[in-house]
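I opened this notebook to record, step by step, what I looked up and how I read each value.

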Amino acid sequence: MRSLAEHFRTPTPEEERLLRGEKLDMSLYRPSSDEAFSAKSLLPVHQAIRIRQHTRFCAFPWHRHDYVEVMFVLSGSVTHHLENGEEIRLGEGELLFMNRFVRHSIEPCGMEDIAVNFIVQPAFFDFALEMVGPENALGRFLLDALRTGESGVPYLYFRIRDCRSVQSLLESMIEGFLEAPEGSQKLRRLEMGLLFVHLLGLSDHMQLSADMARWNNVVVELLNEVHRNYRSFELKTLASRYHMSSSYLSRLVRESTGQSLTELLWRRRMEKAAQLLRDTDLSILAVSQSVGYENSSFFYRLFERRYGMPPKEYRRMQRGGKEKNGHESGSPIDRSRG
């Protein structure tokens, strides 16, 4: 980390102008007087992600941006202010995801306050969302990033200074950009997905916006239970654990996520089924049973409703029209469907 901080310590040309007393040139960040910072101003054409050193020696006034900003602090600290009055003071080794269109300002940074921003187009997060699923705070953040309009999850703040695996991954990502600024977008998409998978297991290191108080511990636990135990999930067991009625818990989930528990469970099971169809040679009957559906005909209907095609056709398309012999053709369900 210290070697990376040293790399970025020397003032950039923009920072040298600021040290000479010039004002921050806002045209570098937005194409017009509009308040929103624009990805078009900061990202090269045909590139969905890049890194940019956070500019020191000046305050950033209230602004929004049409991209997702991921800030990783290499040394010192960086302080953000949100419109609702919240203050986020990022220390060394800490990570902040700021969602699209969230109005915020940033205090001036000194020489030793060194941070790197990942400037990310929303579509870049498709793969990360598939890896972590939508039924958790990270997934909700990604869904908001992929949608337009106001964000229900304005930021995710991770105190991960002591999490060496995540620190190493972030440092490796930054070094990759330094070595090859125009490097493989596919590789970087995979790295971002891996970052979210790492963070998924660090919920105790994560701080959510105060506006997300409704995402209480009970709801988070229930959604994690759906994600982990989708095959044999039982609402009554969890309701009993928290001394609540099943109907009250279901209503709490709908109010928090905008979806019914039945729909969340269905979506999770279908995501897992799709993954098994893509990545394994299990028969479709075995896939159906592994995600909790003993009635294979019912599974077929639910899968086609979710993906617009039967499981067998989905597998064929995912494998480029080729199927392995001796697996699907031998399953009872395939024979019955011709």
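Entry one. I looked up F57 and found a relative accessibility of 22%, so F57 counts as partly exposed, and I note here that the model I am reading is a predicted one. Going back to the chain, I placed F57 in the loop between β2 (49-53) and β3 (60-65). I then checked its backbone and wrote down a positive phi of about 70° for F57, although this residue is not a glycine. I marked this because most residues other than glycine have a negative phi.

Entry two. I next looked up F101, which sits in the loop between β7 (95-98) and β8 (104-106). Phi of F101 is near 65°, again a positive value in a residue other than glycine, and at 24% relative accessibility F101 counts as partly exposed.

How do helix α6 and helix α7 pack? I found that α6 (residues 164-179) and α7 (residues 185-200) pack at an angle of about 165°, with their axes 10 Å apart. Angles over 145 degrees count as roughly antiparallel, and α6 and α7 are therefore roughly antiparallel to each other. I also noted that α6 passes α7 in a left-handed crossing.

Sorting them by class, I recorded nine nonpolar, three polar and two charged residues in the contact of α6 with α7.

Conventions:
Residues numbered from 1 in each chain as written. Predicted model: local features only at pLDDT ≥ 70, side-chain atom pairs only at ≥ 80, totals over all residues. Heavy atoms only, no water. Axes fitted to C-alpha atoms, helices over the stretch in contact; angles between N-to-C directions. Helix = DSSP H or I, 4+ residues; strand = E, 2+ residues; numbered from the N terminus. Parallel < 35°, antiparallel > 145°, perpendicular 65-115°, else oblique. Left-handed = near helix turned anticlockwise from the far one by under 90°. Nonpolar A, V, L, I, M, F, W, Y, C, P; charged D, E, K, R; others polar. Buried < 20%, exposed > 50% of the residue type's maximum accessible area, 1.4 Å probe, protein only.
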